[in-house]
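Please keep the sequence and the structure in view while reading.

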Amino acid sequence: MARSTAGGIGVSTWVVVGDGQWGRALARRLKATGNLVTLVGEVGSGTRKPKGIPLTRDLGSALTAAERVLITVPISALEDLLRAAAPHLRGDHRLVTTCRGLTPHSHLRGIEAVRALTAVRQVAVVAGAADADSLRKKSPVALVVGSPFALWAEEIRDGLRSKTLRVYTNPDLVGVELSNILAAVIGVGLGAARSLSVGPAAEAMALTRALAEMDRVVRELGGRAGTAYGLAGLGVLSELLFAGNGVPLRAGASLAKGRIAEAAEHRELRQAARTLSARAARQRLRAPLLEMVEGMFAGRVTAETALAELMTRASRPEGD
Amino acid sequence: MNAPIFHFNRHREDIEREVTHRAVHSFANLAGSDPARSLQYVLNDAAFHEIHRLERSRGKEAERLSDWQRLARRIGRMSEPELRDEVERRARYYSSDVAGNFDRRVYRFASGVLPIGLGALFNTTDLAHGVASVRNLSKRIRVEGNLDLVRALSEKGTLVIVPTHSSNLDSIVLGWSLVHAQLPPCTYGAGKNLFTNPLIGYFMRNLGAYRVDRRLRHILYKDVLKCYSQVLVERGYHSLFFPGGTRSRSGGIEQHLKLGLLGSALSAFSERLLRGDARPIYIVPVTINYPLVLEAETLIEDYLKESGRARYIIDDDEFSRVGRIVQYALRVMGLETSMVIRYGAPFDVFGNQVGLDGQSHGPDGTPIDPRRYLFRDGEPVSDPVRDAEYTRQTGAAVADAFLRETVLLPTQFVGWLLLQRERRTAPELDLFALLRTTSGDRHDYAEVCDDGERLRRALIKLEDQGAVRLDPALRTAPMDQIIDDAVRTFGMYHLRNALERSGESLVVSDPKMLYFYGNRLEPWRDPLREALA
């Protein structure tokens with residue numbers, strides 16, 4: 001827990017929970033910037049252990065020894081993890097997650113779940129288009145840290161950044177987290193459109209309207225205007241389109257081909273579509289793309305019908 | 001009971017000195033590293049606002065104009081020590097103006113006489129049966145909630161009571177509820193305009209209330225005020241803030257809270273910690289639920305006016321007219337429904353629930369040491385951005401508690417129901433058109449009862465989920481009885497009946513009143529509208 005300083009550089013202790021590719025990649029980054037890191041995961045699970053980073057299954061002891069916590073487990077495992085962690089978390093713990101989506105049981109954003117299940121108050125979320133592979137290859141990429149706790153956001157930024165990884169901070173935590181989820185859900189719609197071979201002009205139209213919708217939904221659900229145009233929203237969405245093979249695009253392609261059961265295997269996407277669409281409806285928000293994605297997952301509309309409905313809606317001024 | 005406020009007068013001068021010192025100290029760094037520039041800025045800001053205000057004032061107040069004008073001309077030529085002296089002199093004046101007083105004899109007298117006064121106010125029929133029966137106010141004002149817990153915590157730390165705010169009667173009935181629940185008296189800030197009422201002003205002046213002059217908008221005054229409230233909490237005086245800032249104009253439950261005073265609770269906790277004082281501070285949300293609101297007519301008019309939101313201080317409402325207060329008392333005497341003051345579950349300044357032992361707990365029940373929220377690498381660290389976000393989160397916890405602890409009453413239930421029926425009949429009308437055109441509309445009584453049953457079922461479901469609370473009558477009484485009770489209650493005090501019974505119909509007479517009372521149910525409008533669809 002103590003922070004020692006040598007030559008003006010602080011050495012902080014971190015615990016990274018989740019030893020998947022992303023967890024290990026971020027643990028390596030933290031170690032590279034001079035931090036003491038412990039990785040919590042399945043010891044001896046066969047995956048390559050990062051050099052110089054102790055790996056343990058003892059979550060409680062790891063949390064007791066560090067006040068900086070990075071959670072990289074999938075959103076589907078988050079609630080169980082938080083329940084296990086809660087007895088060991090203190091007021092001085094600062095927590096950041098990379099979880100994207102809504103929790104399966106309570107339908108909460110990752111940070112909402114942290115607040116509901118633990119006593120931790122200083123929270124942050126990391127989002128953006130970068131992945132473990134790009135970090136490993138040292139490709140030039142960027143991430144955004146969303147947190148209203150400026151010092152904590154800066155600490156995460158300084159812990160992760162490198163010559164090839166730029167890290168931005170944004171006080172709009174809700175906006176960053178929502179944009180990240182919305183980008184994935186709306187990516188399903190773009191995947192369906194691409195599968196219908198609509199062409200680049202139509203994809204460009206879909207992308208611009210998707211951004212306008214994301215910005216509107218983010219603002220109305222508690223985030224700030226403009227956050228959707230950052231790394232967590234536009235960044236994720238454009239990476240999906242450029243790469244052309246992400247999970248949301250594949251789910252969209254399955255829906256376009258009428259293979260609903262295959263698309264529904266991506267439960268986190270289907271559930272996020274359903275929950276966000278319901279929240280938008282409750283707030284009387286215009287969210288046609290969300291509605292169409294939800295409708296396709298539910299089997300109420302086909303991709304062709306969805307496209308036709310979207311094209312024949314009443315026109316509005318572009319900025320409306 | 002040995003509440004800290006009983007010894008207030010002994011420490012008053014010391015408190016004023018500390019407030020003045022802190023205010024001056026905090027200003028020295030306001031505009032960067034140059035203290036002279038900071039102090040100039042503070043004085044210029046105060047002079048600008050005061051000259052602007054006093055130029056529009058008359059009488060004794062206007063005499064102060066020339067003093068501020070002289071100061072405004074001198075500020076640019078003053079040396080740093082002169083600037084500091086000037087800021088200190090004015091901060092001292094304001095802290096002395098703000099500071100309250102506590103007279104134990106007045107408290108003893110008020111504790112005895114308040115139940116009689118309020119008894120007369122809320123149930124004058126009992127006067128016929130003698131004073132003793134009047135004192136049984138618990139029939140008229142129901143005090144409920146986590147009282148044992150709040151009492152226990154008042155012994156272990158400092159309470160910061162944060163109630164909803166509907167009426168200028170709030171501080172009076174809340175004061176009674178503290179006595180009734182055997183809770184210690186609190187200090188609280190009250191608008192200076194309220195001190196002008198000779199009787200109420202006398203009691204407020206001598207029962208620890210401090211004066212808040214809302215006309216003063218400059219940072220010098222605001223900082224002195226904030227310092228004063230913080231120093232009181234720091235020194236262990238149980239305090240009361242209205243986090244809504246002002247009375248709810250719409251009749252709705254406050255959700256946009258002023259965080260400044262809540263922030264001073266956290267600052268006080270932090271300051272105590274740095275001094276090695278480990279006493280906890282507890283936030284106690286309270287809802288005050290009136291079947292009839294004394295100033296309802298003025299408040300809703302003010303809300304509906306375009307300029308209403310800007311009219312922060314109303315000094316010509318029903319509370320300022322003794323006749324209306326008496327009328328309120330006389331008309332309310334036959335009410336079936338009690339006013340309800342509900343004390344919610346207390347939490348620490350970070351929003352964690354607190355147990356009988358005074359210990360904070362996380363959502364899973366794990367004991368939490370709240371001091372650790374201010375730690376970084378094992379030591380308490382000052383971080384204003386962090387603390388502002390903590391305060392925002394605690395404000396959200398208070399706002400949530402206001403919803404959960406609100407007790408819905410028949411007037412509010414029937415107000416929302418009738419206005420919803422009107423909306424359904426004319427969905428194309430906006431609110432203002434609806435309020436303008438619905439007077440005289442008739443509703444079939446049996447249909448209203450049917451809708452009422454559906455609405456009640458939805459509310460019971462919400463209550464079972466812990467989202468809100470219902471007055472027992474609302475939960476169990478026959479629907480026609482609830483509606484008749486609400487109609488009778490509306491008709492007892494307001495200048496125009498909100499609603500009248502005419503044969504087998506209910507006739508809307510004053511839709512604004514229905515809107516005002518019905519706004520209490522608005523936070524749950526989606527599931528409630530669904531139930532009526």
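Predicted model: local features only at pLDDT ≥ 70, side-chain atom pairs only at ≥ 80, totals over all residues.

Residues are numbered from 1 along each chain as its sequence is written, chains are lettered from A and ligands numbered from 1 in the order in which they are written, and side-chain values use heavy atoms, with hydrogens and water left out.

**Chain B as a whole**

- Chain B contains 21 helices and 18 strands; helices (H or I, at least four residues) and strands (E, at least two) are DSSP runs, numbered from the N terminus.
- Of the 533 residues in chain B, 58% are buried; buried means under 20% relative accessible area, exposed over 50%, and partly exposed in between (1.4 Å probe, protein chains only).
- Among the contacts in chain B with a separation of 6 or more, 75% are between residues 24 or more positions apart; a contact means heavy atoms within 4.5 Å.

**Nonpolar cores**

- A nonpolar core is a set of buried Ala, Val, Leu, Ile, Met, Phe, Trp, Tyr and Cys residues joined through side-chain atoms within 4.5 Å.
- The largest nonpolar core has 182 residues, and B:Ile161 and B:Tyr343 have the most contacts inside it.
- Helix α10 (residues 219–234) of chain B gives this core its largest share, nine residues.
- Leaving aside neighbours within four places in sequence, B:Ile161 is in contact with residues including B:Leu174, B:Phe241, B:Val286 and B:Tyr343.
- In soluble globular proteins, nonpolar side chains tend to be buried together.

**An enclosed helix**

- Helix α20 (residues 511–518) of chain B is largely enclosed by the rest of the structure, because seven of its eight residues are buried.
- The buried residues of α20(B) include B:Pro511, B:Leu514 and B:Phe516.
- Among the elements of chain B against which these buried residues pack are α12 (296–304), α15 (410–425) and β18 (505–508).

**A sheet in chain A**

- In chain A, eight strands form an open sheet with mixed pairing, in the order β5-β4-β3-β6-β7-β8-β9-β10.
- Because β5 (55–56) and β10 (165–170) of chain A each have a single partner strand, one side of each is left without a neighbour in the sheet.
- Strands β3 (residues 13–17) and β4 (residues 36–40) of chain A pair in the parallel sense over five bridges; two strands pair if DSSP finds at least two bridges between them.
- A:Val15 has A:Thr38 in β4(A) as its bridge partner.

**Individual residues**

- B:Arg249 is in the loop between β5 (239–240) and α11 (259–274) of chain B, and is buried with a relative accessible area of 10%.
- The side chain of B:Arg249 makes polar contacts with the side chains of B:Thr246 (3.0 Å) and B:Asp302 (3.2 Å).
- A polar contact is a pair of N or O atoms within 3.5 Å; within protein, one must be able to donate a hydrogen and the other to accept it, and residues adjacent in sequence count only if both atoms are side-chain atoms.
- B:Asp377 is not a glycine, yet has a positive phi of about 50 degrees; B:Asp377 is buried, with a relative accessible area of 14%.
- A:Ser197, also not a glycine, has a positive phi near 55 degrees, and A:Ser197 is exposed at 62% relative accessibility.
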